[in-house]
Amino acid sequence: MKLFIGSDIHGSEANLLKFLNIVDAAAKSDPDVNIALLGDIYNHGPRNPFPEGYAPMKVAALLNARKDYIMAIKGNCDSEVDQMISEFEIGTDCTCEWLGYTLHFTHGHKCNPELPIKDAKDSDIVFYGHFHKPTLTVSDGVLYICVGALGLSANGVPRSYAVIDEHKLAVKNLDNGNTIIEVALQQ
Ligand SMILES: [Mn+2]
């Protein structure tokens, strides 16, 4: 039982493939693997450079092939046309129960440790992206995890994703697999 959480692909097929190779490898031995995408899926964004391997339609094809186990929410760069090329729903921020934990998923531009909306305050763990930098913040007893970015990274910051299972939550370097953040979970 693993949930992989990625954000900010920004149309980078090359970097999405690295992420999906990791997810697909995990899925071979574990039938219960899911993906959460925290927005900014296809568009590079007008303030950003084109990321490595920029190919939004190829990103759509890769994700559509995995539509049955993707949960996606909208970021600030995602527009109406993005839903038209996606066979999975690009929804709004959501909360779910996971092995006794309440998890909240958000892109991060309207909810983050500095902007803790009610849904976040009522959760145990908040996952967000947007800032393209993996971080752990504890605020009012809530764990905020910025999972970093899959496609675009800030200067000198590695590309990263998060993975959570029964035992721990980890944020890992997309390129070398190194653990950036690790939190043990108690059942
Ligand atoms: Mn964003």
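Reader: Does strand β12 (residues 179-184) lie largely in the open or is it buried, and how many of its six residues are buried?

Author: Please note at the outset that this is a predicted model. A residue is counted as buried if 20 or more other C-beta atoms lie within 10 Å of its own. In β12 the number of buried residues is zero, so the strand lies largely in the open.

Reader: Which strand is joined to β12, and in what sense do the two run?

Author: Strand β11 (residues 168-173) is joined to β12 by five bridges, and the two run antiparallel.

Reader: How should I read the burial pattern of a helix, and which residues of helix α2 are buried?

Author: The general idea rests on helix geometry. An α-helix has 3.6 residues a turn, so residues three or four places apart point the same way. In α2 (residues 56-64), the buried residues are Val59, Ala60 and Leu63. Viewed down the axis of α2, they fall within an arc of 100°, so they line one face of the helix.

Reader: What covers the buried residues of α2?

Author: The cover includes α1 (13-29) and β3 (70-73).

Reader: Now to the open sheet of five strands: what is its order, and which strands stand at its edges?

Author: The order is β5-β6-β7-β9-β8, and the pairing is mixed. At the edges stand β5 (94-98) and β8 (135-139); each has a single partner strand, so one side of each is left without a neighbour in the sheet. With direction ignored, neighbouring strands of this sheet are turned by 20° against each other on average.

Reader: How many helices and strands does the protein chain have, and how compact is the chain?

Author: Its secondary structure comes to four helices and 12 strands. The radius of gyration is 15 Å, close to the 16 Å that the globule rule gives for 187 residues, so the chain is as compact as a globular protein of that length. The C-alpha trace spans about 40 × 40 × 30 Å along its principal axes. Of the 187 residues, 40% are buried.

How values were computed
Residues numbered from 1 in each chain as written. Predicted model: local features only at pLDDT ≥ 70, side-chain atom pairs only at ≥ 80, totals over all residues. Rg over C-alpha atoms; globule rule 2.2 N^0.38 Å. Buried ≥ 20, exposed ≤ 12 C-beta atoms within 10 Å, placed from the backbone. Arc of directions from axis to C-beta. Contact = placed C-beta atoms within 7 Å. Pairing = 2+ DSSP bridges. Axes fitted to C-alpha atoms, helices over the stretch in contact; angles between N-to-C directions.
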